[in-house]
Amino acid sequence: MTEWVSTDKMLENGQQMIKLLQREWYLLTSRPHKDEVAEENLDRQGYEVYRPLAKRLHKSRGKMVTRVESLFPRYMFIHLDGGIHDNWAPIRSTLGVNTLVRFGRANLPTPVPESLILTLKAQEDMLGEKAIDLDRFHTGEKVIITEGPFKGLEAVFQQYDGENRAFILLKILQTQRPSKMVISPAHLYAAA
């Protein structure tokens, strides 16, 4: 038996498909130390939210423990249908949310490229734990530099310094000299 669909129903389905195709990601900030609260409350309201996670080593009661936290503290991404024409009031008034990140003269939220979101998710999936390991190197481990003028050289990892820097010992001319060479951990990989 054939079911007939009204023109109105077809139009409504077509508009829903166009709306899905027009969805874009936007960046928002949470209140200090309220990333998880903001994410949970936005989820409860039916918003698609993505908060990239990272594993960090922290000292707790004299022991090193791994803790999962936001890769970008206070920042998360939200996938919205209506773009800048959407009603932002429910998002801004959500417990834990501070504001949407805005740029330019018009002071409007700018869409985040889908490719960035896919890259971050791929990194998490590749590690298999839904969290990017920021402390993957430990003091004394051999690493190889993957970018810059020292590309391909072997070094010995010393320590992390801040969010985006690591200190390494370079082996140049068969001697290891402590150098305050600062490099992004993203430009290192473990030597075999």
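Visitor: How many nonpolar, polar and charged residues does the lining of the second largest pocket have?
Guide: This is a predicted model, in which local features need pLDDT of at least 70 and side-chain atom pairs count only at pLDDT 80 or more, while totals for chains, interfaces and linings use all residues. Residues are numbered from 1 along each chain as its sequence is written, and side-chain values use heavy atoms, with hydrogens and water left out. Ala, Val, Leu, Ile, Met, Phe, Trp, Tyr, Cys and Pro count as nonpolar, Asp, Glu, Lys and Arg as charged, and the others, Gly among them, as polar. By these classes the lining has three nonpolar, two polar and six charged residues.

Visitor: Which element gives the largest share of the lining of the second largest pocket?
Guide: A pocket is an open set of points on a 1 Å grid over the protein atoms alone, where a 1.4 Å probe fits, with protein on both sides within 12 Å along at least five of seven lines; lining residues have an atom within 4 Å of a point. The lining here includes H33, D35, R51, E69 and R74. Helices (H or I, at least four residues) and strands (E, at least two) are DSSP runs, numbered from the N terminus. At least two lining residues come from each of α2 and β4 (63–70), and the largest share, three residues, is from β4.

Visitor: What is the volume of the second largest pocket?
Guide: Grid points are joined across faces, edges and corners, and the volume is the space filled by probe spheres set on the points. For this pocket the value is about 240 Å³.

Visitor: Is N41 buried or exposed?
Guide: N41 belongs to helix α2, residues 35–44. Contact means heavy atoms within 4.5 Å, and, leaving aside neighbours within four places in sequence, N41 is in contact with T94 and L95. Buried means under 20% relative accessible area, exposed over 50%, and partly exposed in between, with a 1.4 Å probe and protein chains only. At 15% relative accessibility, N41 is therefore buried.

Visitor: Which residues form the aromatic pair?
Guide: Rings of Phe, Tyr and Trp (its six-membered ring) pair if their centres lie within 6.5 Å; planes under 30 degrees apart count as stacked, over 60 as edge-to-face and the rest as tilted. The structure holds one such pair. With 6.2 Å centre to centre and 20 degrees between the planes, it is stacked, and its members are Y50 and F77.

Visitor: How many residues apart in sequence are the parts that this pair ties together?
Guide: Y50 is buried at 7% relative accessibility, and F77 is buried at 5%. Y50 lies in strand β2 (residues 48–50) and F77 in strand β5 (residues 75–80), so the parts tied together are 27 residues apart.

Visitor: Which residue has its charged end over the ring of Y50?
Guide: A charge sits over a ring if NZ of Lys or CZ of Arg is within 6 Å of the ring centre and within 35 degrees of the ring normal. At 5.1 Å from the centre of the Y50 ring, the charged end is that of K121.
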